[in-house]
Amino acid sequence: MILERFRVDGKVAVVTGAGRGIGAGAAIALAEAGADVVISSRTKADLDTVAARVAETGRRAHVVPADLSDPTAAAALAQAAVGEFGRIDIVVNNVGGTYPRPLLETTPEFLEEAFRFNVSTAHALTTAAVPLMTDGGAIVNISSNMGRVAGRGFAAYGTAKAALAHYTRLAAYDVAPRIRVNAIAVGSVATSALEVVVNNPEIKAKMEGDTPLRRLGEVSDVAAAIVYLASPAGSFVTGKVLEVDGGLQAPNLELGLPDL
């Protein structure tokens, strides 16, 4: 049956930024599809909540609180998976994000920080995991539609996410055919990161109106795409960036920054 191809029974996944939002949704979805998970973020209480949801599916979660802005901490998660579960099959490089900032206030240090948090951490975990993925596997990087469209204030974030998207293509070529590497360019998703928007009816309505599908994304929309790319259902897909963004071809949130 076709649905069996979306199962990841007996596999082990590492999910970064898994305390809330897309990371939490990805961990729970992979557990529902049959995987045990290593979950990491800064806040242990958030991770414990996700671990309880994973336990409800009958799978196990190993909680690793860590500051994943440090690439060394991200890399350590690969060995944590092998140490706890004896294997690693799936990596979801979800941690990332950078606050908007006007171009002339975007210092080289701020740009480098954005790159480290969105790209270097993914590279650190990827290179640590690949030698341990002895039965092959799949890596899914969470990029953004701001990595392919232009909007004021997003020079650091958009540049970093564009780099992550192309890193995905390059890494996929390096590790094929044993391991697949793909990315998801995420649009506006209703998570705590967009809480201000979601709680403002006027801004929310404007964003929905500027999205071809006339709604914001849900965590489950992205989680389903992650399961597809990580499972045998996506076994003939590598080096690709899947756009899960409601059809956006331009930003649906303008910061109102004036001309210089």
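## Overall build

A residue counts as buried when its relative accessible area is under 20%. By that cut-off, 48% of the 260 residues of the protein chain are buried. The model is predicted.

The protein chain has eight helices and seven strands. Its radius of gyration is 18 Å, close to the 18 Å that the globule rule gives for 260 residues, so the chain is as compact as a globular protein of that length. Along the principal axes, the C-alpha atoms of the protein chain fill a box of roughly 55 × 35 × 35 Å.

## Contacts, surface and charge

Take the contacts in the protein chain between residues at least 6 apart in sequence. Of these, 75% join residues at least 24 apart.

The protein chain exposes about 12,400 Å². Carbon and sulfur atoms supply 56% of that area. The chain carries 23 positive and 27 negative charges.

In soluble globular proteins, nonpolar side chains tend to be buried together. Here the largest nonpolar core has 36 residues. Leu30, Ile39, Ile184 and Ile226 touch the most other members. A second, separate core has 29 residues. Val12, Val64, Ile88 and Ala172 are among them.

Leaving aside neighbours within four places in sequence, isoleucine 226 is in contact with Ile22, Ala26, Leu30, Val92, Val140, Ile142 and Ile184.

Alanine 230 is found in helix α8. Its relative accessible area is 9%, so alanine 230 is buried. Leaving aside neighbours within four places in sequence, alanine 230 is in contact with Val8, Leu30, Ile90, Ala138, Val140 and Arg180. Alanine 230 and valine 91 are 139 residues apart along the chain, yet their C-alpha atoms are separated by 8.4 Å.

Alanine 29 is found in helix α1. It is buried too, with a relative accessible area of 14%. Its contacts, again leaving aside neighbours within four places in sequence, are Ala223 and Val227. Alanine 29 and threonine 191 are 162 residues apart in sequence. C-alpha to C-alpha, the pair is 16 Å apart in space.

## Two backbone features in loops

A cis peptide bond joins alanine 176 and proline 177. Its omega is about 5°. Proline 177 sits in the loop between α5 (155–175) and β6.

Arginine 214 has a phi near 60°. That is a positive value in a residue other than glycine. Arginine 214 is found in the loop between α7 (201–209) and α8. At 53% relative accessibility, arginine 214 counts as exposed, because the cut-off for exposed is over 50%.

## A buried asparagine and an exposed glutamate

Asparagine 252 lies in the segment after β7 (241–244). Is asparagine 252 buried or exposed? At 7% relative accessibility, asparagine 252 counts as buried. Not counting residues up to four places away in sequence, asparagine 252 touches Ser188, Met207, Asp210 and Thr211. Serine 220 is 32 residues from asparagine 252 along the chain. The C-alpha atoms of these two residues are separated by 20 Å.

Glutamate 109 lies in helix α4 (residues 108–129). Glutamate 109 is exposed, with a relative accessible area of 55%. Threonine 121 is twelve residues from glutamate 109 in sequence. In space the two are 17 Å apart, C-alpha to C-alpha.

Notes: Residues numbered from 1 in each chain as written. Predicted model: local features only at pLDDT ≥ 70, side-chain atom pairs only at ≥ 80, totals over all residues. Heavy atoms only, no water. Helix = DSSP H or I, 4+ residues; strand = E, 2+ residues; numbered from the N terminus. Rg over C-alpha atoms; globule rule 2.2 N^0.38 Å. Buried < 20%, exposed > 50% of the residue type's maximum accessible area, 1.4 Å probe, protein only. Contact = heavy atoms within 4.5 Å. Areas by Shrake-Rupley, 256 points an atom, 1.4 Å probe, with all protein chains shown as cover. Lys, Arg positive; Asp, Glu negative; His and termini not counted. Charge placed at Lys NZ, Arg CZ, Asp CG, Glu CD. Core = buried A, V, L, I, M, F, W, Y, C linked by side-chain atoms within 4.5 Å.
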